[in-house]
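Open the model in your viewer and keep the sequence panel beside it. The stops below say what to select and what is found there.

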Amino acid sequence: MPSTGTSRARTALTAFALAAAVSGGAVTAAGPAAAQTTYARYVALGDSYASAAGVPDQIDTACARSSRNYPSLLNAALTPAARVDVTCGGATTAHMTSRQTGSAGPQFDALNADTDLVTLTIGGNDIGFADIIVRCATLGLFSPNGAPCKSSYTKAGVDQLSAKIDVTAGSIAATLDGIRQRSPRATVLVTGYPAILPDDGTNCFSTVSIAKGDAPWLRDTEKHLNAVIAAQAAAHGARYVDTYTPSIGHDACKPTGTRWLEPLFASGAAAFHPNATGEQSMAAAALAAATR
């Protein structure tokens with residue numbers, strides 16, 4: 001078994017490679033200088049942004065899980081003695097404790113008292129991510145210069161999506177408490193979601209049929225979800241992993257080679273999901289949090 005010093009050096013080099021891969025060779029703050037901690041048992045929990053839906057190679061089609069998802073990359077960097085990846089496309093907080101599909105049982109079944117590292121990406125499906133995308137992309141076709149999707153989610157002057165995000169905070173809190181109960185020694189990393197649309201609020205109607213007025217609203221909605229996730233992580237003893245900031249300028253509106261998330265007609269991942277480079281970016285951010 002390698003010495004601690006050797007392990008730390010290897011982890012630092014892997015972090016360097018991850019950071020370089022997502023920054024065109026210019027290493028950014030996403031890559032730590034050296035590992036501060038070694039882990040024995042790593043468990044990855046979460047939804048399709050963690051499973052890397054559509055990213056080759058898919059090793060679990062029922063859960064849309066890729067061999068190049070960010071948990072696999074993080075595992076390669078940290079080399080824990082054991083790793084269990086139960087991430088699954090479509091997962092909500094409810095699927096932490098309940099069966100999701102015929103082959104996917106409760107994700108919390110993977111946790112035990114020996115687990116000392118957990119990653120979690122969750123919350124998007126609790127607010128209806130897929131339905132939001134379908135509704136907004138469809139309504140945008142009929143009112144490209146308006147804000148038809150925002151209007152459809154506004155009832156009596158109340159933003160229903162914003163309200164749903166606030167409710168989801170309680171589910172995320174319960175999830176984090178559930179992890180702590182099952183794995184009391186674990187370092188828990190909770191990721192946010194990377195930028196799907198341009199951070200400046202513009203749209204790219206020919207690529208993604210989101211109306212001009214809906215683009216900044218959807219951006220703010222995603223930022224609200226990330227803020228709620230970050231707040232719950234802080235309140236429940238977990239480390240928040242910011243995947244949004246590094247992804248600015250690499251959203252689904254950008255051309256192939258620049259974008260880290262795929263548009264509606266995707267080639268390297270499921271629509272509106274991270275591609276392989278996007279998963280590398282998420283892994284680099286998680287690695288920085290795991291080793292600080």
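Helices here are DSSP runs of H or I with at least four residues, numbered from the N terminus. With that numbering, select helix 4 (129-142) and helix 7 (214-235): each supplies at least two residues of the lining of the largest cavity. Bear in mind throughout that this is a predicted model.

**Confidence**

Colour the chain by pLDDT before going further. The average for the protein is 90, and 88% of the residues score at least 70. Now select residues 1-13, where the pLDDT is below 50; beyond near neighbours in sequence, this stretch has 13 contacts in the model. Residues 21-36 also stay under 50 in pLDDT, and the model gives them 32 contacts beyond four places in sequence. Where pLDDT is low, predicted coordinates should not be read in detail.

**The largest cavity**

How many cavities of 30 Å³ or more does the structure hold? There are two. The largest has a volume of about 260 Å³. To find its centre, select Phe 129, Ile 133, Ile 196, Leu 218 and Glu 222, which are the closest to that centre among the 18 lining residues. Then return to helix 7, which gives the most to this lining, with five residues. Colour the lining by residue class: 14 of its residues are nonpolar, two are polar and two are charged.

**Phe 108**

Clear the selection and go to Phe 108, in the loop between strand 4 (82-85) and strand 5 (117-121).

Next, show what surrounds the residue. Leaving out residues up to four places away in sequence, Phe 108 touches Leu 45, Met 96, Thr 97, Thr 175, Gly 178, Ile 179 and Arg 182. For the last stop, pick the C-alpha atoms of Phe 108 and Arg 182: they are separated by 8.1 Å, while the two residues lie 74 residues apart along the chain.

How values were computed:
Residues are numbered from 1 along each chain as its sequence is written. This is a predicted model: local features need pLDDT of at least 70, side-chain atom pairs count only at pLDDT 80 or more; totals for chains, interfaces and linings use all residues. Side-chain values use heavy atoms; hydrogens and water are left out. On a 1 Å grid over the protein atoms alone, a cavity is a set of points where a 1.4 Å probe fits but cannot get out, and a pocket is an open set with protein on both sides within 12 Å along at least five of seven lines; lining residues have an atom within 4 Å of a point. Grid points are joined across faces, edges and corners, and a volume is the space filled by probe spheres set on the points. Ala, Val, Leu, Ile, Met, Phe, Trp, Tyr, Cys and Pro count as nonpolar, Asp, Glu, Lys and Arg as charged, and the others, Gly among them, as polar. pLDDT is the predictor's confidence in each residue, from 0 to 100. Contact means heavy atoms within 4.5 Å.
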